[in-house]
2 protein chains.
Amino acid sequence: MSDSPLGVADLLGVLAYAELTAFLRLAEDAARHAPTLTDRAALSDLAATEYAHFRLLRDRIASLGVDPEEAMAPFVRPLDDWHAQTAPSDWLEALVKAYVGTGIALDFYREAAAHVDDKTRELVEEVLVDEGRSQFAVDRVGAAIRQDRRQAGRLALWARRLVGEALSQGQHVVAARPELAALLVEAAGEDITRMFGRLTEAHGGRMAALGLTPGP
Amino acid sequence: MSDSPLGVADLLGVLAYAELTAFLRLAEDAARHAPTLTDRAALSDLAATEYAHFRLLRDRIASLGVDPEEAMAPFVRPLDDWHAQTAPSDWLEALVKAYVGTGIALDFYREAAAHVDDKTRELVEEVLVDEGRSQFAVDRVGAAIRQDRRQAGRLALWARRLVGEALSQGQHVVAARPELAALLVEAAGEDITRMFGRLTEAHGGRMAALGLTPGP
């Protein structure tokens, strides 16, 4: 067990609500923006996977003797605010959000899970494995940019906004939940700069995969 | 095999799109109307199940050599129209829709599946089994009505509207897809009146379960 059981409940709580709300928002984006039924089904598939993850996390929270609703409650506002600030206005924005936004969030959770008890960490890692599910987003965005190079600039700005809003909400969370922040710092050890380096590098990798890095 | 392979593709197509769109709409209702996180999770659970059913149906359509998108296409408009006409304005309306609206639709699909090939019928029946998943809707609506008897009249009218709009869209579907209509008539044999009797009786049972029948 970690020395920080409060931090563990927080980690599982924020992750559970993140999955539940990602499920609902991806479903909304699928209904609103998908140009074809096949695309709608593909984004729905991502959404359904998020829901399955939510269920695993909720059950784990309950098995720790914590009320899942209480564990999630502190994170409802910042996560809802993040989604409200980053509602996609079209299909490509929805795909970039599904891939980049989710990716950043998952990296943070993985860092925070590095020093919790084995069982929690295994569950978090299971939930965080992408298994290539979001590859279709990479394929679709890449194809759109090859067809119309001007999309790249617009979508790169959009991705920057997703990150900026995430950092802004992340600061609210850290200020309100010091136990969760402690997990992150504990994970980073002495060198929190190195952790941010890892997060930045992973984000850069996703942007490159989408074709959203400055061209030569 | 049925003599009516076109009808089978139609049946699987309408059912697949019904499940996909039910998934998306239930998720939307959960995000918009659920009063607590527990309620949100409960309706999300129903939504995720619909998605799993969609996946089974889509795979079956593909295994018949039919493009799932083409099989679903004729039913997008009537099903989208039904949902647009019956967007719940609050949590209780969302629950009644999840239980009554879905129930009627499932009864129709079950009737239509009575005379298709064994494999298709088994799949349809698997997808249509409720397994008590919607019992939470019955519990919540019942509790709300016991607390405030005036809710019953309003929700009974709402349920009537759900049925009316379903019949109206059903007529469009039958007019546009004679092969699907043929499955229903074939299922009913000589006596289509008896089939409507069964559907009406099942609907009455659901209304009674919700406490939405005229009091003594």
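**Note on the predicted two-chain model**

1. Thr21(B) is found in helix 1 of chain B, and this being a predicted model, the remarks that follow concern computed values throughout. With a relative accessible area of 3%, Thr21(B) is buried. Leaving aside residues up to four places away in sequence, Thr21(B) touches Leu79(B), Asp80(B) and His83(B).

2. Asp10(A) counts as buried, because its relative accessibility is 3% and the cut-off for buried is under 20%. Its contacts, again not counting residues up to four places away in sequence, are Phe75(A), Arg177(A), Glu179(A) and Leu180(A).

3. On the relation between the copies, chain B is superposed on chain A by a rotation of 180° with 0.0 Å of shift along its axis, at an RMSD of 0.0 Å. The two copies are thus related as by a two-fold rotation axis. Of the interface residues of chain B, 100% are also interface residues in chain A, so the copies meet through the same surface.

4. As to the extent of the interface, 26 residues from chain B and 26 residues from chain A take part in the contact. The two chains bury about 2,000 Å² between them, and 64% of that area is on carbon and sulfur atoms. Within chain B, the residues that lose the most area to chain A are Leu24(B), Leu37(B) and Glu69(B), which together account for 29% of what that side buries.

5. For polar interactions across the interface of chain B and chain A, the rule finds 12 residue pairs in polar contact, counting pairs with both residues at pLDDT 80 or more. The elements of chain B that give two or more residues to the side touching chain A are helix 1 (5-33), helix 2 (37-63) and helix 3 (68-85). Helix 2 of chain B supplies the largest share of that side, namely 12 residues. By residue class, the side of chain B that touches chain A divides into 16 nonpolar, 3 polar and 7 charged residues.

6. Which salt bridges cross between the chains deserves a separate point, since the rule finds 2 of them across the interface of chain B and chain A. In one, the side chains of Asp45(A) and Arg55(B) meet at 2.4 Å, N to O, and the pair runs from helix 2 (residues 37-63) of chain A to helix 2 of chain B. Asp45(A) counts as partly exposed at 21% relative accessibility, and Arg55(B) counts as partly exposed at 32%.

7. Another salt bridge is formed by the side chains of Arg55(A) and Asp45(B), at 2.4 Å from N to O. Arg55(A) lies in helix 2 of chain A and Asp45(B) in helix 2 of chain B, so this pair joins two chains. Arg55(A) is partly exposed, with a relative accessible area of 31%, and Asp45(B) is partly exposed at 22%.

8. Over all chains, a search of the whole structure finds 30 salt bridges. One pair within chain B is Glu28(B) with Arg25(B), whose closest N and O atoms are 3.8 Å apart. These two residues are separated by about one helical turn, because they are 3 residues apart in helix 1 of chain B. Glu28(B) counts as partly exposed at 22% relative accessibility, and Arg25(B) is partly exposed with a relative accessible area of 25%. In chain A, salt bridges that share partners join Arg25(A), Glu28(A) and Arg32(A) into one network.

Conventions. Residues are numbered from 1 along each chain as its sequence is written. Chains are lettered from A and ligands numbered from 1 in the order in which they are written. This is a predicted model: local features need pLDDT of at least 70, side-chain atom pairs count only at pLDDT 80 or more; totals for chains, interfaces and linings use all residues. Side-chain values use heavy atoms; hydrogens and water are left out. Contact means heavy atoms within 4.5 Å. Buried area is the accessible area (1.4 Å probe) that two parts lose on being put together, summed over both. A salt bridge is a side-chain nitrogen of Lys or Arg within 4 Å of a carboxyl oxygen of Asp or Glu. A polar contact is a pair of N or O atoms within 3.5 Å; within protein, one must be able to donate a hydrogen and the other to accept it, and residues adjacent in sequence count only if both atoms are side-chain atoms. Helices (H or I, at least four residues) and strands (E, at least two) are DSSP runs, numbered from the N terminus. Ala, Val, Leu, Ile, Met, Phe, Trp, Tyr, Cys and Pro count as nonpolar, Asp, Glu, Lys and Arg as charged, and the others, Gly among them, as polar. Copies are superposed by least squares on the C-alpha atoms of residues with pLDDT of at least 70 in both. Buried means under 20% relative accessible area, exposed over 50%, partly exposed in between (1.4 Å probe, protein chains only).
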